[in-house]
Amino acid sequence: MIILAQLLKKAFMKKNTITDVYFDLDHTLWDFEKNSALTFETILKKHHIEVDIQAFIKHYVPINMHYWELYREDKVTQYELRIGRLKDTFALVNYQINDEAILTISDEYVHYLPTFNHLFEGAIEILTYLKAKYRLHIITNGFKVIQEGKLKNSKLDTYFNTVTDSEMAGVKKPNPKIFQYALSRSNVKKENAIMIGDCIDADVNGALKFGIDAIWFNEHSKPTPENIKQVKRLLDLKAFL
């Protein structure tokens, strides 16, 4: 009982030092997979591309995640990410498509993606709750124009004081420079900040190694490393903030 009381006291004291909450966007607030699937359904039907859409999406999801890992590590460019993930997916569904068509689909994907704006359950409620208590911010590795469209069209933009993306920072999460850039923009000290995101490497470990607190949005109940705070639902953040 004494140990539990000490832990709760420590957590409460930490909670009281937080003034600014930083969120990832995709896979954390904005339901990327659902919106991406709807985007592909629109584009493939528009161009009369006869593939099994569900099979296409099933292949695309892990391929896209792999390319984003490479992009975070500066092993592929933004262009290589956008083109490579499509080429690899079409190859796996055995559909012959030329480079010109790939480029068209890539451009249209970027155009249509922000027009679908499903959010994770509880996103608006938790942001409304937190907005009354903290300043809120976004730190994202996503592309600037697309992320701006997502925030505006989903009506999330009004909740955030600043939005930091990897293009303006010149580096991507988990590079400590993007966290420093975000804190500098919002004039916040490390001890007063906390990061919330779905990626254990980019969002959580990146923030912790930089020296700011973090909470993992672990929607799929993946094995959790020791000493990592986590929530499975966004509304569970009320227990920490």
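Helix α3 passes helix α4 in a right-handed crossing. The model described here is predicted.

**Packing of α3 with α4**

- Helix α3 packs against helix α4, which spans residues 78-92, at an angle of about 150°, and their axes lie 9 Å apart.
- That angle makes α3 roughly antiparallel to α4, because angles over 145 degrees are counted in that class.
- On the α3 side, the contact is made by F56, H59, Y60, I63, N64, Y67, W68 and Y71.
- On the α4 side, the residues in contact are Q78, E80, L81, G84, R85, L86, D88, T89, F90 and L92.
- Sorted by class, the contact of α3 with α4 holds ten nonpolar, five polar and three charged residues.

**Packing of α2 with α3**

- Helix α2 covers residues 32-46 and helix α3 covers residues 53-72; the two pack at an angle of about 130°, with axes 10 Å apart.
- This angle makes α2 oblique to α3.
- The crossing of α2 past α3 is right-handed.
- From α2, the residues that make the contact are F32, E33, S36, A37, F40, E41, L44 and K45.
- From α3, the contact is made by I53, Q54, F56, I57, Y60, V61 and N64.
- The contact of α2 with α3 consists of nine nonpolar, three polar and three charged residues.

**Packing of α2 with α5**

- Helix α5, residues 99-112, packs with α2 at an angle of about 130°, and the axes are 10 Å apart.
- The two helices α2 and α5 are therefore oblique to each other.
- Here α2 passes α5 in a right-handed crossing.
- Residues F32, S36, T39, F40, T42, I43 and K46 of α2 meet I105, E108, Y109 and Y112 of α5 in this contact.
- By class, the contact of α2 with α5 divides into six nonpolar, three polar and two charged residues.

**The largest pocket**

- The volume of the largest pocket is about 760 Å³.
- Among the 30 residues that line the largest pocket, D26, H27, M65, D198 and C199 are the closest to its centre.
- Two or more residues of this lining come from each of α2, α3, α10 (200-210) and β5 (213-217).
- Helix α3 provides the largest share of the lining of the largest pocket, with six residues.
- The lining of the largest pocket comprises ten nonpolar, eight polar and twelve charged residues.

- The largest cavity holds about 80 Å³ of space.
- Its lining is formed by D26, F32, W68, R85, Y109, L113, G142, F143, I146, Q147 and K150.
- Helix α7, residues 144-153, gives the most to the lining of the largest cavity, with three residues.
- In the lining of the largest cavity there are six nonpolar, two polar and three charged residues.
- The second largest cavity has a volume of about 30 Å³.
- Residues E33, S36, A37, F40, I57, Y60 and V61 line the second largest cavity; these residues also take part in the contact of α2 with α3.
- Helices α2 and α3 each supply at least two residues of the lining of the second largest cavity, and the largest share, four residues, comes from α2.
- By class, the lining of the second largest cavity has five nonpolar residues, one polar residue and one charged residue.

**Backbone geometry**

- Most residues other than glycine have a negative phi, and most peptide bonds are trans.
- Residue H27 has a phi near 70°, a positive value in a residue other than glycine.
- H27 is placed in the loop between β1 (20-23) and α2, and H27 is also among the residues closest to the centre of the largest pocket.
- The peptide bond from K173 to P174 is cis, with omega near 15°.
- P174 belongs to the loop between α8 (166-169) and α9 (176-186).

Note on methods: Residues numbered from 1 in each chain as written. Predicted model: local features only at pLDDT ≥ 70, side-chain atom pairs only at ≥ 80, totals over all residues. Heavy atoms only, no water. Axes fitted to C-alpha atoms, helices over the stretch in contact; angles between N-to-C directions. Parallel < 35°, antiparallel > 145°, perpendicular 65-115°, else oblique. Left-handed = near helix turned anticlockwise from the far one by under 90°. Contact = heavy atoms within 4.5 Å. Nonpolar A, V, L, I, M, F, W, Y, C, P; charged D, E, K, R; others polar. 1 Å grid on protein atoms, 1.4 Å probe; cavity = no way out; pocket = protein on both sides within 12 Å on 5 of 7 lines; lining within 4 Å. Points joined across faces, edges and corners; volume = space filled by probe spheres on them.
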